[in-house]
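Please open the structure in a viewer and keep the sequence beside it.

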Amino acid sequence: MTEIKRVVGIVFGHFIIAFVACVIYRFVRPLGTDIISIFAVIYRIRSAVLLFIGFIPALLISGILIGYAIAFGKGLSDVAERWSGTLMSCLKGAFILSLVCIMLYVVLAEGIAPHFETLQSESRARTKDYRDYLDAANQALVDGDSQAAERESAGALLIWKGSKEANEVHEKAKYLLAATGDKPGSDKQKIGSDDAMLLTGAKGLTVLKAIDLAEEDLKKSDYYSAHYYSMLAYRLAKDTDPNKQNALRIAAAAWNKINEGFDSSLGEDDKVLYGAKKSGYDAIQGGDYLKAYYLFLDLNEKEKKTGKGIVDPDVERFLGVAKDGVLNTFFFIDETGNMSRFEASRDLFFVIKRQDGSSDAIFIRGVTWAKSGGLEMAYLRDFEYAHIGWDGKLAWQIEVPYVKMFPFKEADGSLKPELLLHAVDRTNKGIETLPTIRFGAVPEGERNVLVLEMPYKDFSLIVAANRGITSMSLFDLINFEKKAETYGFSTNALLCELINRLANPFLMLIVCVYALILSWRFRLAPKAFFKAWWILAVPLFPLLAFYAIQSLQYITRTVIVMVVHLVPQNPVLLVLALLSLWFIVVSVYFFSQRAD
Amino acid sequence: MIPLVFLINLVVWVCVLSVFSVLGSYIYLNSLIDGNIPLFLIAVCYRSLFLLPLCIMIAFIFVFFYTMRHKTVLFISIPLIVALAGATVLFAMPLSYSLLGKLENRFSDAVFGNTTISGKMFDSGYIRGDSWSTKVSWIDISKEDIQKRSIILIDAGKTTNALLFYSNSMYIRASRTMEFNSTEIIGQAGGEDPLFTRYTRLPAFLGPIVSDVVTVLNAFRSAFESGAYGYFWLAGSFFIAIGVLWIFCFSTGWRMLNALLVLSFFRMLFYCYQFTVSGPVYESIKRFLPSIVPDSSVPSLVYLAFSGLCFLAGIGIFMKRKITHSGPEAFYD
């Protein structure tokens, strides 16, 4: 037991010394990449941790070699025979120690390391963004564009609040703004403005509930609402539903009352208001929510401008309904104002191979995830899309500055990415961003909204795969392996990575048993004392262990590539079975040793 | 037991090193995947012959390790090891060189990697990065094995119009590039597939080791082709230096450390060779040597000097230990 404690001490002593050495090394050496000083310390710490994680296998092997070589020399050399219980108990202890260390390594390598890698790349991206913002702000100052200078320097300050350089530029921009009397450019930018939230509207209503609401509104003389809900009930009801006719009857009654109201409007102003409300309402019924939105927005603005504080509830309500409808097909330009600062992923490229032989190619420069009203969505910057027909010819191609993506529920319940391609201004009619058609004719149904032929959940897997399959989590690799080919990723490459990751702990365990064999064979001579100068040679152990394990991993990787290509049916099981067999053989070999 | 240990280790290391060195080469790995077994086997045979001197040295190192752990009669084991070393340098290695020459003449394309596989276009349907720029990625979406390829290329470095479609691209086997209207659009569209490079690429630390070993092995072969005298002089001195490493097996009371020292010095012997054939060290040594000594003898003299020093130091330490201890304990301190 004392010997095991000593080995544990030696192994963890290796870990502590190596970790300290890694931290010192990373703090002494240049960063090797451009990182702004606000991220520098944490970047160095994460680099040190990543470096340390890479050395853990070699440190473990070295610890076992040294620890057990001393332990075997001190306690076991005179008594051990082939298949001896002493060796068995020793192997048991070494297994437990190895397993604990390997588990620690797996947690660090599969959990912490990919997370840290992502954070490191984010730090690099944020640094680049900061520099870009600052350059743009300086250029804007030179050009005399105070709004742009203020906006860009605010962007830089959002990344690094305490930056002296950014603060100076920002102050200059503000001074220029004050001189010109312009509004600050950053005021225009809000992330996912609250107004962009989806309105509940009439979502989730049943036919009966809608009829109830319509009847209630009819009694309250709220004829627009009565007509709206009754028409909603009419559309929701199936042809065989007796309520369909009932809904139509209420709608007709309400419509008659609306017309009566228009006819009996006393003044000219009332007639204009009534007419505007009616045409807005007609637009809603006709499905032209955008027209209705601007009409009701205009009415609403006019009411507010009167300063009387009187607000027509019909206008308020139908503005909401129209907005609800608009946001099903369009999104507001101001939602994307500063989205690029929060991008989780950049330069995404994938294809969707459809069953009919055609395919879609998609390139997205930046992805920003957002949540609104509990609904997951994403903004896709510089979205480029090409549809290639089954004959291999380009059918059509578009480019959009920003796209808003939602999960869209199909009739079968599956979720697909729905892309809103058309952005409109929140207040001004006619200001909009539309897809630029680069080639061919875009089908009518896909000019504003595009539904990608893929499950929505696959999108995040594609994002992960685009970062590099080596940084994908084990869980993502398992999920993506079967469908990778559909999106233009190699299943074989994913399988190689997956098997390599799964094989690594096995390989470490095997090398640990080899280390035990070597420790036994080359143990400290009986009655020999550990001499102080031998400490000088101790750094050689982790170095040689590193070489050994790296060489073994290299050989295993080449074998994995070969197996994946030659036995594509089930290479994972085959490789793991071979490794298990190897492990059993070396373990038996270890037991079969005896004292010389 | 010593000849048996030597032979077993020789066979094991020849098999392991030749097979895995061939698997680590993309052309041969791909030939195996494509079912071209003869090409793979020719490459394995060639590598096993080329690496034979290294495998002989490693087998000797393992014989040394064996003597460290097992009681042997020195008067028998030492002459046996010397005889084995002599036989390999005198017969096995010259034989391997003549066989290497024959293989090179008969299967020059196979052994030098000038096969059709080396220029094969990548499999279509997969996104790959390009050697030109980290910002460029592309995919060949052609469905049939036709000459005119449909390529989708992304140039993320462009601020707009990053997605490009080329419907009639041509793969140029000689340069392994993809062209559209005689303009190169992809720098590497064939040869070593970047999708698997990460798995087949030699680890960084192995590069210098392989390079040093290849330099020494090529030097042996060049010396053999230049004449028997030069070959025996160079290979003999190097093998004597390897033989002297046996002394390190008994340098301390900790066998593990001894083994480590043997391996470290083994590596150093290969590393130091480059300094004995050129550079300031070589020039300094030459200045001390009389002009009658040919320049090509410098490496041999350096290795012989190293062997002599180690041998004398070993004898001295052993004598000192023999005075204080008796019996086998004199081997360890």
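Leaving aside neighbours within four places in sequence, with which residues is Cys512(A) in contact? Select Cys512(A) and display its surroundings: the contacts are Leu60(A), Ile61(A), Ile64(A), Ala94(A) and Ser98(A). Please bear in mind throughout that this is a predicted model.

As background, nonpolar side chains tend to be buried together in soluble globular proteins.

Colour residues 207–333 of chain A as domain 1 and residues 355–452 as domain 2. How far apart do the C-alpha centres of the two domains lie? The distance between these centres is 31 Å. Where the domains touch, domain 1 of chain A supplies eight residues and domain 2 of chain A supplies twelve.

On the domain 1 side, select α10 (289–306) and β1 (330–332) of chain A, the elements that give two or more residues to this contact. The classes of the residues on that side are seven nonpolar, one polar and no charged.

**Chain B as a whole**

Turn to chain B and show it as a cartoon. Its elements are twelve helices and six strands. Along the principal axes, its C-alpha atoms fill a box of roughly 85 × 45 × 45 Å. The radius of gyration of chain B is 26 Å, whereas a compact globule of 333 residues would have one near 20 Å.

Of the 333 residues in chain B, 37% are buried. Consider also the contacts in chain B between residues at least 6 apart in sequence: 56% of them join residues at least 24 apart.

**Where chain B touches chain A**

Display both chains together. The contact between them takes 43 residues from chain B and 44 residues from chain A. To see the chain B side, select α1 (2–23), α2 (26–33), β2 (136–140), β3 (148–155), β4 (163–172), α7 (194–200) and α10 (255–277) of chain B; these elements each give two or more residues. Which element gives the most to this side? It is α10(B), with seven residues. By class, the chain B side has 29 nonpolar, eleven polar and three charged residues.

**The sheet of chain B**

Hide the helices of chain B and look at the strands. They form an open sheet of six strands in the order β1-β2-β3-β4-β5-β6, with antiparallel pairing. Why is one side of β1 (128–129) and of β6 (183–186) of chain B left without a neighbour in the sheet? Both strands stand at the edges and each has a single partner strand, so one side of each remains without a neighbour.

Then select β3(B) and β4(B), which pair in the antiparallel sense over six bridges. Within this region, Arg149(B) stands opposite Ser169(B) in β4(B).

**Two loops with positive phi**

Most residues other than glycine have a negative phi. Select Arg176(B), in the loop between β4 and β5 (177–180) of chain B. Its phi is near 60°, a positive value in a residue other than glycine. Is Arg176(B) buried or exposed? Arg176(B) is buried, because 20 other C-beta atoms lie within 10 Å, and 20 or more is the criterion for a buried residue.

Proceed to Ser182(B), in the loop between β5 and β6 of chain B. Ser182(B) also has a positive phi, of about 65°, although it is not a glycine. With 7 C-beta neighbours inside 10 Å, Ser182(B) counts as exposed, since the criterion for that class is 12 or fewer.

**The last stop**

Finally, select Met121(B), in the loop between α6 (108–111) and β1 of chain B. Met121(B) is partly exposed, with 16 other C-beta atoms within 10 Å. Not counting residues up to four places away in sequence, Met121(B) touches Tyr171(B), Ala189(B) and Gly190(B).

Notes. Residues are numbered from 1 along each chain as its sequence is written. Chains are lettered from A and ligands numbered from 1 in the order in which they are written. This is a predicted model: local features need pLDDT of at least 70, side-chain atom pairs count only at pLDDT 80 or more; totals for chains, interfaces and linings use all residues. Domain bounds come from an automatic or database domain assignment. Two residues are in contact if their C-beta atoms, placed from the backbone, lie within 7 Å. Helices (H or I, at least four residues) and strands (E, at least two) are DSSP runs, numbered from the N terminus. Ala, Val, Leu, Ile, Met, Phe, Trp, Tyr, Cys and Pro count as nonpolar, Asp, Glu, Lys and Arg as charged, and the others, Gly among them, as polar. The radius of gyration is taken over C-alpha atoms; the globule rule is 2.2 Å times the number of residues to the power 0.38. Two strands pair if DSSP finds at least two bridges between them.
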